[in-house]
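Please look through the sequence and the 3D structure below.

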Amino acid sequence: PAAFFSEPNDEMSPTRSGLSKKPGSRAAETTAKPSTLGSTYLAVFAANPFTANAVQAAVINAIGVLTCQAMPLLSGGEFQFDWKPIAIFMSIGAFVITPLVLTVLIGRIFRLGLTKLQTLLVCTLFGTFVIGGAFEVSFGVLNEVFSGKGIADIQLSTILAGLFTSKFLWGNLESRIVFLPADVLNTYFVPPVYQPLVSNIAGYIWTVVLAARASSS
């Protein structure tokens with residue numbers, strides 16, 4: 001998934017930077033700093049975490065799919081625009097992945113006081129099985145819906161059966177090739193203010209891969 005915010009880090013907090021001080025107060029005069037694009041971005045996520053994260057995930061997924069559709073241009077082909085995968089990936093990012101990450105991973109698991117190594121392991125397991133499973137089921141259902149099938153005609157049992165195949169397991173383990181380096185960087189090396197950039201790059205790359213696989217199948 002893309003980077004998610006639920007609470008600002010101390011060094012990124014509008015309160016700490018003086019942005020939330022009352023105008024005219026002594027504290028505001030001495031600590032307030034000019035608003036920057038970065039501080040505005042973080043303030044939006046702090047004020048509206050679900051909406052901001054959902055929009056961000058949808059936009060990044062859409063750009064990833066469009067990148068995949070534009071790739072034939074590199075070999076002299078044509079731009080293969082198709083609105084259906086764009087709509088599917090945007091819906092999954094906004095209404096499936098975002099709630100899972102915010103409520104379960106950030107809202108509960110990250111509050112358990114885990115060590116950095118434990119956090120890295122949890123991110124790997126959560127991304128592989130929870131996010132991977134949610135994406136697989138959501139994609140299967142939405143693909144049939146956008147293909148014109150009614151709810152009663154969706155073969156949900158067939159879609160769920162796909163979660164217990166080696167193809168699903170290995171396909172989601174492959175995602176760690178992209179996300180594990182990003183998780184390691186964010187956990188051990190990257191300052192909090194730059195972690196969204198690292199996560200967004202990883203999310204964008206994997207969206208391109210998933211869109212290419214969906215297109216070929």
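## A contact beside a helix

The side chains of Ser175 and Arg176 are joined by a polar contact of 3.4 Å, where a polar contact is a pair of N or O atoms within 3.5 Å, one able to donate a hydrogen and the other to accept it within protein, and residues adjacent in sequence count only if both atoms are side-chain atoms. This is a predicted model, in which local features need pLDDT of at least 70 and side-chain atom pairs count only at pLDDT 80 or more, while totals for chains, interfaces and linings use all residues. Residues are numbered from 1 along each chain as its sequence is written, and side-chain values use heavy atoms, with hydrogens and water left out.

Ser175 sits in the loop between helix H7 (166–174) and helix H8 (176–189), helices being DSSP runs of H or I with at least four residues, numbered from the N terminus. Ser175 counts as buried because its relative accessibility is 3%, and buried means under 20% relative accessible area, exposed over 50%, and partly exposed in between, with a 1.4 Å probe and protein chains only.

## An exposed tryptophan

Trp170 lies in helix H7, and Trp170 is exposed because its relative accessible area is 55%.

## The cysteines

A search of the whole structure finds zero disulfides, a disulfide being a pair of cysteine sulfur atoms within 2.5 Å. Cys68 counts as buried at 13% relative accessibility, and Cys123 is also buried, with a relative accessible area of 15%.

Definitions and conventions: Helix = DSSP H or I, 4+ residues; strand = E, 2+ residues; numbered from the N terminus.
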